[in-house]
Amino acid sequence: DISFRHMPPIYWKYLLVTALFGIGCSSNAFLILRMQEAGGSLETTILIYSAFNLVAALVSYPAGYLSDHWGRRTMLLISFLVFLIAYLGFALFQNSILISGLFVVYGVYQGIFRSVGKAFAADLIRTELRATGIGWYSATVGLFQLVAGIVAGELWDHIGHAAVFYNGASFAIVGIIALLLLVPKGIGNK
């Protein structure tokens, strides 16, 4: 039985935070397009994307460790702030070296969000419903990334690249506020 009533209200609040943040969290393909628009060659873009993935992978373990000690909420706030800074930089800067650096820094966000986000979802539900809870969480992330991608595509085509990243930064602020208001400090810490 995967009825909504089996999940605690704090879990649904956390999913709401995830959804609100996710509306602005479009596909990494837009970062690749931004790199190329800023003058990065195909080879440079591939190297930077590889560095981004390496950073995301290397950050995941320390992020999980720190979330065990500092709390999931604190680490998610850090990831949202890194996202906000990176997206503002993608909107504002034209220099391909700065864009490359931001792309790699964006890997810090990915490494934290991927590992801590799921752990937080798992912490908020009973043990026997963990897989269901992570499934709902993953569905929320995926569906809202799809919405964000469609919105970002429209913004890019009709307004320009900066609109995509300002939109993402705006929803990062909404996500930060929602996390602070809807998920009390100390919730989900194991």
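**Close-up views of a predicted helical model**

**View 1. Helix α3 crosses helix α4.** The axes of helix α3 (residues 42–70) and helix α4 (residues 72–92) come within 7 Å and cross at roughly 130°. That makes α3 oblique to α4. Angles under 35 degrees count as roughly parallel, over 145 as roughly antiparallel, 65 to 115 as roughly perpendicular, and the rest as oblique. Axes are lines fitted to C-alpha atoms, for helices over the stretch in contact, and angles run from 0 to 180 degrees between N-to-C directions. Helices are DSSP runs (H or I, at least four residues), numbered from the N terminus. On the α3 side, Ala63, Gly64, Leu66, Ser67, Asp68 and Trp70 take part. They meet Arg72, Thr74, Met75 and Ile78 of α4. Contact means heavy atoms within 4.5 Å. By class, this contact has five nonpolar, three polar and two charged residues. Ala, Val, Leu, Ile, Met, Phe, Trp, Tyr, Cys and Pro count as nonpolar, Asp, Glu, Lys and Arg as charged, and the others, Gly among them, as polar.

The model is predicted: local features need pLDDT of at least 70, side-chain atom pairs count only at pLDDT 80 or more, and totals for chains, interfaces and linings use all residues. Residues are numbered from 1 along each chain as its sequence is written, and side-chain values use heavy atoms, with hydrogens and water left out.

**View 2. The largest nonpolar core has 54 residues.** Such a core is a set of buried Ala, Val, Leu, Ile, Met, Phe, Trp, Tyr and Cys residues joined through side-chain atoms within 4.5 Å. Phe90, Tyr106 and Phe165 have the most contacts inside this core. Helices α1 (9–22), α2 (29–37), α3, α4, α5 (96–123), α6 (130–158) and α7 (161–182) each supply at least two of its residues. The largest share, eleven residues, comes from α4. Leaving aside neighbours within four places in sequence, Phe90 is in contact with Leu31, Arg34, Ile99, Leu102, Phe103, His161 and Phe165.

**View 3. Ser79 is a buried residue of helix α4.** Its relative accessible area is 0%. Buried means under 20% relative accessible area, exposed over 50%, and partly exposed in between (1.4 Å probe, protein chains only). A polar atom of the Ser79 side chain lies 2.8 Å from the backbone oxygen of Leu76. Beyond four places in sequence, Ser79 is in contact with Tyr109, Ile112 and Phe113.

**View 4. Phe30 sits in helix α2.** Phe30 is buried, at 11% relative accessible area. Not counting residues up to four places away in sequence, Phe30 touches Gly149, Ala152, Gly153, Trp156 and Phe165. Phe30 and Gly149 are 119 residues apart along the chain, yet their C-alpha atoms are separated by 8.6 Å.

**View 5. Helix α5 holds Gln110 and Gly117.** Gln110 is buried, with a relative accessible area of 10%. Leaving aside neighbours within four places in sequence, Gln110 is in contact with Asn28, Phe52 and Ala56. Gly117 also counts as buried, at 0% relative accessibility. Gly117 touches Tyr14, Leu76, Ile112 and Tyr137, not counting residues up to four places away in sequence.

**View 6. Leu16 belongs to helix α1.** At 42% relative accessibility, Leu16 counts as partly exposed. Leu16 and Ala119 are 103 residues apart in sequence and 16 Å apart in space, C-alpha to C-alpha.

Methods
A polar contact is a pair of N or O atoms within 3.5 Å; within protein, one must be able to donate a hydrogen and the other to accept it, and residues adjacent in sequence count only if both atoms are side-chain atoms.
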